[in-house]
Amino acid sequence: SPNSTLADYLLYAGLNNPQMEAAFHRWQAALARIPQAESLPDPRLSYRYFLQEVETRVGPQRHGLEISQMFPWFGKLRLAGDVAEQAALAAQQRYEAVKLNVFLEVKNAYYESYYLARSIAVTRENLQLLQNAESIARERYKVAAGAHPDVIRAQVELGKLEDRLSTLRDLSQPVQARLNAAMNRPVDAELPLPGPLKPTEVSFDDERLLEHLERSNPRLQALDYEARRHQKAAELAKKQYAPDITLGLGYTEVGSSEVASRFSDNGQDVVSGFLSLNIPIWHKKYDSAVHEARLERLATLREKTDTANRLKAELQMALYRLRDAARKLDLYANALIPKAIESLGVTEQAFRTGDATFLDLIDAQRTYLEFELAYAEALAGHERALASIETLVGADLSEYALAGPVDETPQ
């Protein structure tokens, strides 16, 4: 609705974005693999039928049943669970990274939509001013106080502004389509243009932000968990040198024998227990598994270092854009726009009295328009840079915000 805030858009995207849902389900799937890894293998039930009965002292063996359970060597199940747990933690951080990127996309589209809304409003305002100037030029021409070329120039400038306004209105559809796509809404769904926006005044300690990035960025945390997973996988691979133990219980049915009828245990069934071990003799295979896990860990650590370097460089650029935009906001709000408004008023009054040319008036209006649009662009860029910083450090930076926003957009 027209009263919806950026927080409402973020909430809607968080509940409906399919990319976030996919990452969330992958995280939940990784969690579901933990109990699988920690569980014993299924017991094994075997049935044996003697095609040719084996005659024993107490009678012929006919068929038998065996049930067995394999128990991995001590520590294998725990390490397998640790490997799955670290994979689930990495999946959780990848979900957090997707969420931050989706929120950044929503914010960027929202601020782009704000800049478009402000551009339309400023263009309309200047169109109204120029229409008034064109009316003055026609009145002066009627009374022979002005020249006909002034009327023509006014009409030319009006045509240019009307064309600019039409272009901006047409641009609203693709801009809103981008915002709708991030929220999983139909791209042609209606969205109101954002209202007035106030710049967030913040102050950062660069070193503290860099530390926060290394500690909280979900992409780096995911790689941390991946490195730990490979470390646990190497420990698990070492356990393959130890045998697994299988315990079982067997039952064999024995038929009666006429030959053994004088024995008391004639035809008595047999119950037996057994223990078996696998023999881990293929050391080359186990050595390769350990080596593979160690190399994967080293590769992940190097990838983390490279990713951290790139993220830090992106953070430095985002901080530059934030501070550059803040400087421009201060310049336009406190110096250039007030002077442009004053100059426009003075020039318009001078034009009414014949002390200024129409070109002077057009130039003053064009300058005011450029400053207003530059302020809106700087404001949108400031908020986009702040959103990028929050995405990079993986945290809401409201704790850094100073008390109270600065003045509203100057009119």
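Modeller: In this predicted model, Thr307 is classed as buried because its relative accessibility is 8%, and the cut-off for that class is under 20%. Thr307 is part of helix H7, and, leaving aside residues up to four places away in sequence, Thr307 touches Arg219, Leu220 and Leu223.

Helix H5 covers residues 206–216, and Leu209, His212, Leu213 and Ser216 are buried in it. Viewed down the axis of H5, these buried residues fall within an arc of 105 degrees, and therefore they line one face of the helix. Glu207 and Arg215, by contrast, are exposed on the other side of H5. The cover over the buried residues of H5 includes helix H6 (218–238), helix H7 (283–353) and helix H8 (358–393), so that H7, the helix that holds Thr307, is among the elements that cover H5. At the start of H5, a side-chain oxygen of Asp205 comes to within 3.0 Å of the backbone nitrogen of Glu207.

As for the packing of H5 against H6, the two axes are 6 Å apart and meet at an angle of about 45 degrees. That angle makes H5 oblique to H6.

For another setting, consider Pro174, which is placed in helix H4 (residues 148–182). Pro174 has a relative accessible area of 46% and is therefore partly exposed. Between Pro174 and Ser113 there are 61 residues in sequence, yet their C-alpha atoms are 9.9 Å apart in space.

A word on confidence belongs with all of this. The protein has an average pLDDT of 87, and 89% of the residues score at least 70. Over residues 401–411, however, the pLDDT is below 50, although this stretch has 27 contacts in the model beyond near neighbours in sequence. Where pLDDT is low, the predicted coordinates should not be read in detail.

Conventions. Residues numbered from 1 in each chain as written. Predicted model: local features only at pLDDT ≥ 70, side-chain atom pairs only at ≥ 80, totals over all residues. Heavy atoms only, no water. pLDDT = per-residue confidence, 0-100. Contact = heavy atoms within 4.5 Å. Buried < 20%, exposed > 50% of the residue type's maximum accessible area, 1.4 Å probe, protein only. Helix = DSSP H or I, 4+ residues; strand = E, 2+ residues; numbered from the N terminus. Arc of directions from axis to C-beta. Polar contact = N/O pair within 3.5 Å; in protein donor to acceptor, adjacent residues only side chain to side chain. Axes fitted to C-alpha atoms, helices over the stretch in contact; angles between N-to-C directions. Parallel < 35°, antiparallel > 145°, perpendicular 65-115°, else oblique.
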